Amino acid sequence: MTETRRTWRRTGALIAVASAGALGVGLSAAPAIAHTPVWSVTCDKVSVDLTAYSPTEENTVTITVDGKELLPTKTFKKEFHDKLDLPEHDKELTVRLVVVAGDGDQFSRDESKTAPVCDDATPSPTPSTTPPSPTPSETSPTPSETPSTSAPATSAPATSAPATPSAPPSTGTPGGGLAETGGSSATPVIAGARLCYKQGGDAIMWAARKRRSAQH
């Protein structure tokens, strides 16, 4: 009886050790499928890195932006990597990531993040509310184009320009010399002749007087 009990105790100990070893193997194998969903959102891109998913089960991933599909549902195994461009926007966008793990809902993910507006993004111009300007055919004629109803202005009679006075007669000689002043080159000769004549006359009168006084 004693030997039998010892045998059962040894068998139980071996079973306990085997169970503990199996449990340890299971625990060590669990981190190999850790389901690591890593994703980030910037103002213009979405990066997705899904690793350590089941290599035998089918997993799916879907990305939407404000309810619109950015990445249609895709199936992957073990891991998935992608980088997507966001549409241009002038306000914040809501980006949603949905991952469905094929080996259990506890490994699935449904998360949302906000994409900010890029600093260099300029808002699109709002449509103008001012009425369009009329086309040239619709414009009213300008005052210069409207026909004149007033009587045509009569042109004033042309006045003849006043006659310019004729130039005064030239005082010069025909040959371009000095004007005639009553003197000429013979004037000194005439004056000398007159002086001689007067002196001769005075001499004759003096001689006549002297002769008369001698006779008396």
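Reader: Quick one to start: what lies over the face of W39?
Author: K113 does, at 4.7 Å from the ring centre. A charge sits over a ring if NZ of Lys or CZ of Arg is within 6 Å of the ring centre and within 35 degrees of the ring normal.

Reader: And what kind of model is this?
Author: It is a predicted model: local features need pLDDT of at least 70, side-chain atom pairs count only at pLDDT 80 or more, and totals for chains, interfaces and linings use all residues. Residues are numbered from 1 along each chain as its sequence is written, and side-chain values use heavy atoms, with hydrogens and water left out.

Reader: OK, big picture. How many helices and strands are in the chain?
Author: The chain has 2 helices and 7 strands, and along the sequence they follow the pattern α-β-β-β-β-β-β-β-α. Both kinds are DSSP runs numbered from the N terminus: helices are H or I with at least four residues, strands are E with at least two.

Reader: Which strands make up the open sheet of 4 strands?
Author: The order is β4-β3-β6-β7, with antiparallel pairing. Two strands pair if DSSP finds at least two bridges between them. At the edges are β4 (68-76) and β7 (109-115), each pairing on one side only. From one strand to the next, the twist averages 10 degrees; axes are lines fitted to C-alpha atoms (for helices over the stretch in contact), and angles run from 0 to 180 degrees between N-to-C directions.

Reader: How many bridges join β3 to β4?
Author: There are 6, joining β3 (residues 59-65) to β4, and the two strands run antiparallel. N59 stands opposite F76 in β4.

Reader: What about the open sheet of 3 strands, what's the order there?
Author: It goes β1-β2-β5, again with antiparallel pairing. Here β1 and β5 are the edge strands, each pairing on one side only. On average, neighbouring strands of this sheet are turned by 5 degrees against each other, direction ignored.

Reader: How do β1 and β2 connect?
Author: A hairpin joins them through 3 residues. They pair in the antiparallel sense over 6 bridges, and S40 stands opposite S47 in β2.

Reader: Switching topic: which residues touch the most other members in the largest nonpolar core?
Author: V46, V48, L50, V61, I63 and V95 do, out of 20 residues in that core. β1 (36-41), β2 (45-51), β3, β4, β5 (80-85) and β6 (93-100) each supply at least two residues, and β6 gives the most, with 4. A nonpolar core is a set of buried Ala, Val, Leu, Ile, Met, Phe, Trp, Tyr and Cys residues joined through side-chain atoms within 4.5 Å.

Reader: Why would those side chains end up together?
Author: In soluble globular proteins, nonpolar side chains tend to be buried together.

Reader: How much of the chain counts as buried?
Author: That's 14% of its 216 residues. Buried means under 20% relative accessible area, exposed means over 50%, and partly exposed is in between (1.4 Å probe, protein chains only).

Reader: What does V46 touch?
Author: Leaving out residues up to four places away in sequence, V46 touches W39, S40, V41, I63, L70, D82, K83, L84, L86 and V95. A contact means heavy atoms within 4.5 Å.

Reader: L70 is on that list. Where is L70 found?
Author: L70 is in strand β4. It is partly exposed, with a relative accessible area of 22%. Not counting residues up to four places away in sequence, L70 touches V46, I63, T64, V65, L84, D85 and L86.

Reader: Back to rings: how many aromatic pairs are there?
Author: The structure holds 2. In the pair of Y53 and F76, the ring centres are 5.5 Å apart and the planes are at 75 degrees, so the pair is edge-to-face. Y53 is in the loop between β2 and β3 and F76 is in strand β4, so this pair ties together parts 23 residues apart in sequence. The rings of F76 and F80 have centres 5.7 Å apart and planes at 40 degrees, so that pair is tilted.

Reader: What counts as a pair?
Author: Rings of Phe, Tyr and Trp (its six-membered ring) pair if their centres lie within 6.5 Å; planes under 30 degrees apart are stacked, over 60 edge-to-face, and the rest tilted.

Reader: Are F76 and F80 buried or exposed?
Author: F76 is buried, with a relative accessible area of 5%. F80 is buried too, at 10%. Ring pairs link Y53, F76 and F80 into a cluster.
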